[in-house]
Amino acid sequence: MAPLGHTVEELFNALAAGRSGIRRLEPALCARLLSPIGAPVDFEGAAHFTASRLKMLDRVSQLALVAAGQAVADAGLDFASERPDRCGVCVGTGMGGAETTDEGYRTIYAERSERVKPFSVLAAMNNAAAAWIGIDYALEGPNLTYSTACSSSAVAIGEAARRIQHGETDVMIAGGTEAPLTFGVLRAWEALRTLATEDKENPSASCRPFALTRTGLVLGEGAAFVVLEDLARAVARGAPIHAELAGYGLSTDCAHITRPTIQGQASAMRAALASAGMAPSDIDYVNAHGTGTAQNDAIETAALKEVLDAHGRALPVSSTKSMHGHLLGAAGALEFVLSVSSLERGVILPTMHLDTPDPACNLDYVPGQARLGVPLRAVMSNSFAFGGTNAVLIARAANERFATSSRL
């Protein structure tokens with residue numbers, strides 16, 4: 001299957017058309033696993049990096065560097081003219097250099113070698129992607145890596161915005177990256193019994209968020225980044241402004257390592273609304289966490305009802321994971337970027353394969369087809385995680401006249 005996209009525009013157009021990147025596992029990767037995966041981007045590091053540099057870069061960092069580069073280019077930033085101590089990086093990742101770790105174990109235990117690759121530690125460490133972005137742009141400000149499982153990159157974006165709001169920095173590169181499609185990682189997730197059962201007739205329909213027939217999540221890979229700065233500063237330099245990062249809410253379930261709670265998720269949504277100075281009725285679309293697991297989808301539905309009340313019952317809500325899979329630590333950043341793209345284009349992305357809705361998931365989950373020409377003022381993006389860290393981001397349309405915090 002063809003990749004879903006190398007740029008935001010390519011990806012968004014593919015998802016708006018309802019095109020799924022989910023496919024069967026390649027036999028060479030892992031023939032015995034039963035679950036499908038989100039199709040990896042047909043990304044070759046050799047097209048972007050020299051052979052000597054690739055020795056130090058796990059795939060997770062390669063994806064991050066390319067995606068961050070696209071964000072910087074889109075923002076029209078020349079860091080040579082910026083104060084380096086006022087510019088920083090925040091990256092979210094759940095697994096870090098999984099490919100390097102997996103390869104190291106295989107080299108030692110399967111091949112019985114006494115040595116692994118010399119740069120294995122540098123490639124596998126969780127903060128490698130953030131470190132390389134900072135090095136590439138000579139940024140001397142905060143360089144932070146957040147690892148809160150599936151909410152990692154949403155936390156990274158929210159915390160980056162706070163650095164600007166508190167006057168610590170002028171510009172932040174923020175986002176997430178994940179490359180978990182290795183034999184070891186897939187086996188681990190299979191053992192956890194959260195992966196979707198493959199739809200034998202149509203593997204691309206294996207992830208079915210909010211459907212009565214849902215069986216679990218599908219793993220995917222990728223990276224997504226944004227550039228954040230203060231509105232006045234962005235306007236002064238004539239930067240393209242896609243949206244305002246208006247709200248950020250953070251909470252912890254503090255109840256169970258894998259099972260979410262209604263109150264925890266609702267608390268994060270309320271905190272995001274409060275930080276944005278918005279009411280539930282100001283939200284026009286929600287990009288749901290929507291993993292396709294039985295517990296998460298039902299609990300997220302209940303939390304949305306609790307926070308959004310009557311307004312939420314008519315509000316369009318969708319899960320794009322039904323097409324691109326679950327990017328774990330990178331999911332929040334990717335889905336926030338897609339939410340901003342929806343805001344700009346007036347297009348609500350669909351939840352695919354929702355042929356038989358679960359009666360417990362009875363909101364407007366935009367089944368099967370994108371909605372075009374929808375006036376959107378503000379959108380909410382939900383990210384919830386194992387370990388209980390909940391992060392919610394709210395983006396407001398750039399042409400809305402509200403008090404602003406930071407823009408991207």
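**Note on the predicted model: salt bridges, cores and strands**

1. Lys 117 and Glu 103 are joined through their side chains by a salt bridge, at 3.0 Å from N to O; the term requires a side-chain nitrogen of Lys or Arg within 4 Å of a carboxyl oxygen of Asp or Glu. Lys 117 sits in the loop between H5 and helix H6 (120-124), and Glu 103 in helix H5, 14 residues apart. Helices (H or I, at least four residues) and strands (E, at least two) are DSSP runs, numbered from the N terminus. Glu 103 counts as partly exposed because its relative accessibility is 26%; buried means under 20% relative accessible area, exposed over 50%, and partly exposed in between (1.4 Å probe, protein chains only).

2. On the basis of the work: this is a predicted model, in which local features need pLDDT of at least 70 and side-chain atom pairs count only at pLDDT 80 or more, while totals for chains, interfaces and linings use all residues. Residues are numbered from 1 along each chain as its sequence is written, and side-chain values use heavy atoms, with hydrogens and water left out.

3. The structure has 21 salt bridges. One of them joins Arg 396 and Glu 244, at 3.2 Å from N to O. Arg 396 belongs to strand E11 and Glu 244 to strand E7, 152 residues apart. Arg 396 is buried at 3% relative accessibility, and Glu 244 is buried at 0%.

4. The largest nonpolar core has 46 residues, of which Ile 157 and Leu 228 touch the most other members. Such a core is a set of buried Ala, Val, Leu, Ile, Met, Phe, Trp, Tyr and Cys residues joined through side-chain atoms within 4.5 Å. Elements that each supply at least two residues of this core include helix H8 (152-165), strand E6 (222-229) and helix H14 (331-345). H14 gives the most, with eight residues. A second, separate core of 29 residues includes Phe 49, Ala 67, Cys 87 and Leu 139.

5. Strand E6 is largely enclosed by the rest of the structure, because seven of its eight residues are buried. E5 and E6 pair in the antiparallel sense over eight bridges; pairing requires that DSSP finds at least two bridges between two strands. Gly 175 stands opposite Phe 225 in E6.

6. Asn 287 lies in strand E8 (residues 285-287) and is buried, at 0% relative accessibility.
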